[in-house]
Amino acid sequence: MRSSRNLGIRKREVVNLLKSVVEAQCPQQVSCADILILAAREAISVSGGPRIDVPLGRRDSSNPPNSSLADSSLPPSNLGVNDMLQLFAQIGLSLEESVAINGAHTLGITHCFSIESRLYDESKNDEPNEHEFELYLKLSCPKGSLTSNVSFVLNEPTTLTFDNHYFINAINGRGVLRIDAEIPFHPLTALYVQCFAADQDAFFKAFSSAFVKLSTYGVLTGSQGMIRRHCNALS
């Protein structure tokens, strides 16, 4: 069962294929956890983002997948700036890094169910959105749609390129998620958003640091867990 806060990792068959190739050369030496981190690193790099040096040596969980655990670990889609900063501070990210890691939204899409509460909850009417963009979101994600878990909007126009346009679009009132809409106007984060919008290298540097911290937080190492032979099975 997949987490209700995320539709899961796509192309898992590719991960398993990579694992089989690695296992043929280095049996039970490289974990699925390390392969996933390296895949994420490569996705950022080939999309135009920074080449991040990530430490390796993670081990895999010996427990079956748990959607409840995933739900408790992943931030909700309606997270605001204050809660975001508190969450990332707990795992060691600085204020600058916390803003930078949100720049990962420069890639990909947002499913409509993730922005329903932002668009249609009348009690939340104080977000600094541009009317035209909110109207576009509502047209793309109509209220009560039966396909909100498959319908989506692009995170931003250069959705296949890892760049600093996320911050430029956020400043221009074109943030998709609640956090995207709030982050350029919050007094603690506004200056960093402006900095990253003007200086892509500064964004890449802060993002790389944040990525490494996130990728090493709470991982299994040493004799903990196991190294699976197959990433889609406990073996």
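**Entry 1. Terms and model**

I take a polar contact to be a pair of N or O atoms within 3.5 Å; within protein, one atom must be able to donate a hydrogen and the other to accept it, and residues adjacent in sequence count only if both atoms are side-chain atoms. I note that this is a predicted model, in which local features need pLDDT of at least 70 and side-chain atom pairs count only at pLDDT 80 or more, while totals for chains, interfaces and linings use all residues. Residues are numbered from 1 along each chain as its sequence is written, and side-chain values use heavy atoms, with hydrogens and water left out.

**Entry 2. The two domains**

I looked up the division of the chain and found domain 1 (11-61 + 220-234) and domain 2 (77-215); the bounds come from an automatic or database domain assignment. The C-alpha centres of the two domains lie 28 Å apart.

I then examined the interface. On the side of domain 1, 13 residues are in contact with 10 residues of domain 2, where contact means heavy atoms within 4.5 Å. The area buried between the domains is about 880 Å², and carbon and sulfur atoms give 73% of it. Buried area is here the accessible area (1.4 Å probe) that two parts lose on being put together, summed over both.

What polar contacts cross this interface? I record two residue pairs in polar contact across it, both at pLDDT 80 or more. The side of domain 1 that touches domain 2 divides into seven nonpolar, three polar and three charged residues. In this classification Ala, Val, Leu, Ile, Met, Phe, Trp, Tyr, Cys and Pro count as nonpolar, Asp, Glu, Lys and Arg as charged, and the others, Gly among them, as polar. I count zero salt bridges between domain 1 and domain 2; a salt bridge is a side-chain nitrogen of Lys or Arg within 4 Å of a carboxyl oxygen of Asp or Glu.

**Entry 3. Salt bridges**

I find seven salt bridges in the structure. In one of them, the side chains of D34 and R58 meet at 2.6 Å, N to O. D34 is in helix α2 and R58 in the loop between α2 and α3 (67-73), so this pair links distant parts of the chain, 24 residues apart. Helices (H or I, at least four residues) and strands (E, at least two) are DSSP runs, numbered from the N terminus. Both D34 and R58 are buried, on a scale where buried means under 20% relative accessible area, exposed over 50%, and partly exposed in between (1.4 Å probe, protein chains only).

E97 forms a salt bridge with K213, with the closest N and O atoms 2.9 Å apart. Because E97 lies in helix α5 (residues 95-101) and K213 in helix α11, the pair ties together parts that are 116 residues apart in sequence. E97 is buried at 7% relative accessibility, whereas K213 is partly exposed at 32%.

The side chains of R178 and E182 also meet in a salt bridge (2.8 Å, N to O). Both lie in helix α9 (residues 178-182), four residues apart, about one turn of the helix. R178 is partly exposed at 24%, and E182 is buried at 16%. Salt bridges that share partners join R41, E42 and R51 into one network.

**Entry 4. Single residues**

Is Q28 buried or partly exposed? I read a relative accessible area of 39% for Q28, which is partly exposed. Q28 sits in the loop between α1 (12-25) and α2 (32-46) and has a positive phi of about 50°, although it is not a glycine.

S208 lies in helix α11 (residues 200-216) and counts as buried at 16% relative accessibility. Not counting residues up to four places away in sequence, S208 touches P50 and I52.
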